[in-house]
Each structure stands twice: as structure tokens, then as C-alpha cells.
Amino acid sequence: MALQVLLFLSVILLGSVHGQVSYSIAEEMAKGSVVGNIAQDLGLDLKRLKSGKARVFTADSTEYIELNKDRGMLLIKERIDREALCAQTTPCALHFEIILENPMELYRVTVEITDVNDNAPAFKNSEKRFEISESAVVGSKFVLDKAMDLDIGINGLQSYTLKPTDNFALKLHNQADGSKKVEMILKRPLDREKEENISLLLTAIDGGEPLMSGTVQIYITVLDVNDNAPVFTKPVYKSVIPEDSKKGTLVTSISASDADKGSNGQVSYLISNSLDGVSDLFHIEENGDIVLMGQVDYETAKYYQIDIEAVDKGGLSDSSKIIVDITDVNDNSPVITVVSQSISVNEDSPISTVTAMIRVNDPDSDKNGEVHCGINDNIPYAIKSTSNGFYSIVTDSALDRETDSEYNITVTCSDEGVPSLSSTITLTLKITDVNDNAPLFEKSAYEASVVENNSPGLSVFTVRAVDADWKQNARVSYILDDSMINGVAVSSYVSVNAESGVIHAVRSFDYEQIKDFQFRVKAQDGGSPPLNSNVSVKIVIQDQNDNAPQILYPVQTSSSVMAEIVPRSADVGYLVTKVVAVDVDSGQNAWLSYKLIKATERALFEVGAQNGEIRTVRQVTDKDAVKQKLTVIVEDNGQPSRSATVNVNVAVADSFPEVLSEFTDFTHDKEYNDNLTFYLVLALAVVSFLFVVSLIAILSVKCYRWRRDQMFYKSNGQLPVIPYYPPLYADVGGTGTLQHVYNYEVCRTTDSRKSDLKYSRPSSQSIISLDTTGTLTLRNAQRDKLVMDDPDYQVSATGSIPSFL
């Protein structure tokens, strides 16, 4: 059979329906037959059909048509029988939708099924028997069974023929439903004596090509005398029942009368509908009551026409019909079908993003079929009606996976019936994470301490940041921000583990060099693009007792011996000297205490435990030795404590010569023991040399001294003085580490052998120093006595020094 295709394309600008296509095909086409080129008709590219996962969606899940995405063709999937699909309904059409995704699109397709002459007219029974009285009057009617042709239009039932036509003629009556009532009319009286049995053939013919027909054999038995046929009281009976009527419900009552008496006047009723199933739904009682025997459904048939007959015993009959109207009741809940659904959606999706599409259908009519849909509250979604029966679920506010990672969307659709019926489905939608949260540290700033002299690689503490995102977006890495600490890169001090955030010391710290330092650590997630945050970290170095005290005064040298002079007239508590020491540690590690651990005369001196001052504890006597050696230990308060010792030489004497003799012998004895051999050899060489040059040396010296004296007198007797400062001494006007200031006077004559020196005692202290060459340096001699010893002093100079060797 030739394929006829009618194409109609219209663009609908409502919601998600983008277009509608209509086709017309004949029924009974072979599987795989082409319905139409849907891609071309909709203006879609074949690539779009594939990428959009195009598919056919039908409401009742019965697919007669399939989509070939490679060719863009609609093909016959299953054999289509128009009569099974639509019965007598015209036009007969298949309605389905073409669904595309990414983005979601919906196209409506209507395929009209045209009839072909594949069904011949058929009678319910192969034969029909009548008993007709010979007294039947001309014009008597005999209702014949109607033939049923499942085809429609020209292919449906068109005409009847009755043969032979000697006694009867055929009369057709058009019915309101489009069918024809078939009656056999007696056109001449019957004569039982001539012909008791009559056989007729009724043929039903359709208008298809080729013509098809069906027949029924009619057998007539001629009876005698009954000459009155039953007559219905109404030509048409009407009744209305709701579709939820129970079995046994009385539909209506009919009545027919027969003028005959006796058995000829007894009337029986029957339903003459043959193939439309009415006789299965309704039953007629002997008294003419029509009773419902099955379940009627408004959605299947809105009314029923019941053809009835009243027949007497003589075979005479009358016909009528009952029109039963079915009223709708709200007996169908809305049917919700998911057309398309997204499994997940990004949390940064814009508002009005379509996440699902559903179709809702209620077979009821009027208010009972009007449906309204809604979703559960307190979720960022809304439901919108896009077209007749189709709804889209869209986002109506911003999504945040960190607040809700999944939503259960409950869709409830209710009709307007009383009582209202509803249906519910639940759609689960997951929120896909995007990198919209930077890592956050647990603290706004970190501070930790580490003891100095730590081992490199020591784990100091851990910084931790948390990212509210998910998976890779929440994976935090820790990075040390580039910065400088005292001109050195921070990476030379500490490092941070990128995975765990553990901060390690790269070097060993020294409290005396750096007491604390700050740097910043950056936490960066693994998103794209990555997000980060910073935190300030402060590390405080804790002091250890790793430095021993350092003696600043008195200065210990290997080339000279220093001594403090104490006059024998010194009172109790006389300040001899002060041991000055410092400890570069801090806190209690730098708290110093002084102790006298060894002394020539322990009962003569004491040391201040806190200030290191050496004072006399009793009156000095003549029995006390001139040379006194004190050993003082300086200890800090650390654990364990560290210490340093210093030897202090004290001269107990009132006269300078006494001090000089004691300490000269002491020096010569000491040097003699140490360098005896060296001096013997040196003496032999020097004596030989001096003998040769003695005369020249004497003349040269005399000449030199004469010229120097001349220059001295011209300069008004002012001689330059160069002071000696001990190590670590800072001259800041008496406010430094050593606070003693020494005043001295220098006197010289033209004869250097009579040169002398006198000092003013600072704070009642006297110091002398004797170096290994035998040269004696006086710190504090008795001023008056030394000045008066030699009247030849001609030059005097005054100055201030902290220490003089």
C-alpha cells in the first residue's frame, strides 16, 4: 500500500515545546517503514539528535514509532492496527513527543493512522431464524442483525442486499451514531400452505477496494394467525448514570404492548446490539428493566446506545433504543510521568535552570480533570507549567552544596474534583561542588615557642585550615609565604609540610641572636582556579643556659700582673675593687652570684654575692701579708648553672716601694722559672754587643735628650698621654660597664731616670700593674709622698683613664 505523508510544522513559543509535526500513514505498514524525516522537518541537525540523546516519549509507554538518530527518520516499530487502536474513533492518531537534552527541548509529533480495507463486514451470528404468522400484514417489519465492519469511512459498511426478494424487501434506517438499522419488510402476505419455510440471504457490503462482504442466512418459519406485533411505548428511551455505578444498578425500564391475546400477546425483550459489547454491560429483565451488569467508564465511553426488541410469541416484534449517558465522577488520580531528569546540577547554576520535566495527565473531565502541581517548601526549586500537561522543575534561588548537598523534591499534583485526588513522586537531585570556598585557618593567628639550640628538622607545631568544599576543591596545601627575617629568607628558618601543615625548624635557633620572628603561611585548595588564605605565625625562641658568665673586670692578661692596693689603715668595709661580669643569656639564666672560693687571708676579705664588690671584713693589721691573692667564682642561676673564675691580686701596703719590691720579685721569680734558659743565652749576646756600641750609644742618647728638652720647653711642658682601654670597655662618660675614672699626674725631668708618676685615688681604690719587662705602672700611689720624693719634677700633666697598664 502506498505511503501517504502529510507534513504540518508549526512553532509554538510556549515554555519548552519548540515545534509540532503531523504525519499521516496507513495502517498495517511493515515494520521499518519510513514515517517521515523528522530531522529535516524540524530543522534539526543529525549531530544535535545524537548529542541531545533524542528519544521518543509516549504517555502510555506503547511505542509504535521509533527514531533512527543516524538518519533522522521516524520508522514503524510495531504493526499498527487502526481498529485495535482507535476502534470507530476518527480521526485516529498517535501522539508522542521527541525529547532532546542539553538543553532540554520537546517537540510534539502527531501521526494520523488512515484506514485500509482490511476488515470485511461481519455478523454476530451466521444465521437468523424467524417465525412469522401468515396473518402478518404487508409492511410488517423484521429487524435483522446489523453487520459490523471495523473499518471506517469508505472502507466501512456501505450497503445491504437481501435475496431473494419475493416476499420481503430490505429497508435501512440511519442511526444517530452513524450506523444503519436493518429491517426486513413484508411486501406481500405470507401463505403457510404454499411456503412454510423461507430462506433468505442477507449480505453486508463495504466500499473498499476490493469490495469485501459478509453474509447471514435468514430462515423464516411461517406461523398461523398472530397478526399483531408488539409496540414500544417510546421510540427512544434515555437514561443517565454515573460512571461509578455498581453492578445491578437499574438503568431504566422499557415497555411494549401486543394487541393479541394469549400466548400471541406475550412479549419478550432482547438487546439486539451485536459486536459493540453493549450486551455484556447491560441486561434486560423479563419485565423490561435494564440492569447494569458491568463497569462503565466515562473516560472510555461517554454514552451507550442500546438497541432493543420486543418480540411476541408469534414472532412479531418492534424495535427501539435506549441512550444511556455516563456522567463523570472524580475517580482518577493525576498520572505523573517523568519525561526527563538531571541527576545532578552545579551549585553555581543560574536561577531558572531546568532540572527535570514531567507530564501530568488526569483522564477525568471538567473540574475533575483540572490539575495543579506543587513541590515541597523550603527548597530552592519551583515548578512551572510549560504547556498543556507538561511541567518544568527549575531553580529559583542560589544553590550551596556546603549547606545542602542533596535535595528530595516531592512533586504533588491534585485535581479540582470533590473530593480532590492527588498523586506524588519524589525526585532526588544532587548538588555538584564548585570551588567557591577558600580554606579557613582554625585561628586568626598562631604563636608557638621553641627552646634554643634545637636540632634542625624539629617539629614546632601544626597549622590547620579547613575548606568547606568537597573532594579536590577541599584538598588543602600549605605554602610558606616568601619574606625576609633580618635580611635572610624565612625558608632558611622554618619549613612547612604541604600536606599536614606541620612547621619544622630548618636551623638551630640561638636566643642571643634572635628572640622571635614572624612569617605567614598560605593555605591553598586544589580547585580551579585555586583559592587561598593567609595566617600570621609567630615563633618565640626560649632561652637556654648555654653561655657562661664573662668577666669584664678585672682584665686577665698573660703579660702583666694587676693588683689592687689596700692601705693598712683601711677600715672595715673598705671597697677593694669590684668584679664585673655579664651573662648574655636572659632571665634567671643571667642572674649572677659571686662567691669567694680561695683567698690568702679568707678572714680579711669578702665578696658581695649580688654585686661582686670585694670589701674588707676586718681591720688590716701589720701581720697581714702584702701579697693577697683572691679567687672569685661567678655563677649564673641556670639549670645546670655555668660559672667563670677570676684571680684578684691585692697589695696590702702603705708605701709604693714596698709594693714594688713584692710584686717585682714575684714577677722575676715567675719569669725566671719560666724563661731561665732563654735569658742566659740572650744575656751573653747582649753583653758582647753593648761593649762595642756603648760609647756611640752614650753620645747619641745625650744628643737626643738635649734636643728633646729644647722642644719640651717650647711646648710649655704639655706632653701627650695615650690611655689604655681594656677589652669590652666602652668609654661613655662613666656610665659604661666600668664606672671607675682614674685621675693621674705625670711629672718628667730632663733625666728620664728620675721621671715619676702620681695618681689621684678614685673612690679610695689603688691599682698597680707590672708587666714582664720589669716596667712598673702605678694606678693609685699616694699622691703626696710620691710627689715629694723627687724635687726635680719639672713637668705635670693631668688626665682620666679607666685602666692603665
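R401, E402 and D433 are linked in a network of salt bridges, a salt bridge being a side-chain nitrogen of Lys or Arg within 4 Å of a carboxyl oxygen of Asp or Glu. The structure holds 15 salt bridges. The coordinates come from a predicted model, in which local features need pLDDT of at least 70 and side-chain atom pairs count only at pLDDT 80 or more, while totals for chains, interfaces and linings use all residues. Residues are numbered from 1 along each chain as its sequence is written, and side-chain values use heavy atoms, with hydrogens and water left out.

One of the salt bridges joins D307 to K146, whose closest N and O atoms are 3.2 Å apart. D307 belongs to strand β23 (residues 303–312) and K146 to the loop between β10 and β11, so the pair ties together parts that are 161 residues apart in sequence; helices (H or I, at least four residues) and strands (E, at least two) are DSSP runs, numbered from the N terminus. The loop that carries K146 runs between β10 (141–143) and β11 (157–163). Both D307 and K146 are buried, where buried means under 20% relative accessible area, exposed over 50%, and partly exposed in between, with a 1.4 Å probe and protein chains only. For K146 the relative accessible area is 17%, and K146 counts as buried for that reason. The side chains of K146 and D307 also make a polar contact at 3.2 Å, that is, a pair of N or O atoms within 3.5 Å, of which, within protein, one must be able to donate a hydrogen and the other to accept it, and residues adjacent in sequence count only if both atoms are side-chain atoms.

Another salt bridge is formed by E63 and K77, with 3.2 Å between the closest N and O atoms. This pair links distant parts of the chain, 14 residues apart, since E63 sits in the loop between β4 (55–57) and β5 (65–68) and K77 in the loop between β6 (73–76) and α3 (82–86). E63 is partly exposed at 29% relative accessibility, and K77 is partly exposed at 31%. R129 and E127 form a salt bridge as well, their closest N and O atoms being 3.3 Å apart; here R129 is exposed at 56% relative accessibility, whereas E127 is partly exposed at 36%.

Strand β23, which holds D307, is part of an open sheet of four strands in the order β17-β24-β23-β20, with mixed pairing; two strands pair if DSSP finds at least two bridges between them. Because β17 (236–242) and β20 (267–271) stand at the edges with a single partner strand each, one side of each is left without a neighbour in the sheet. β17 runs parallel to β24 (residues 317–327), to which seven bridges join it, and V240 stands opposite D325 in β24.

A further open sheet of four strands has the order β34-β43-β42-β37, and its pairing is mixed. Its edges are β34 (445–451) and β37 (476–480), each with a single partner strand, so one side of each lacks a neighbour in the sheet. β34 pairs with β43 (residues 532–542) in the parallel sense over seven bridges, and S449 has V540 in β43 as its bridge partner.

Finally, β29 (residues 381–387) and β30 (residues 390–395) run antiparallel and are joined by six bridges, with S385 opposite Y391 in β30. Two residues lie between the strands of this hairpin, in which G389 takes a positive phi near 85°.
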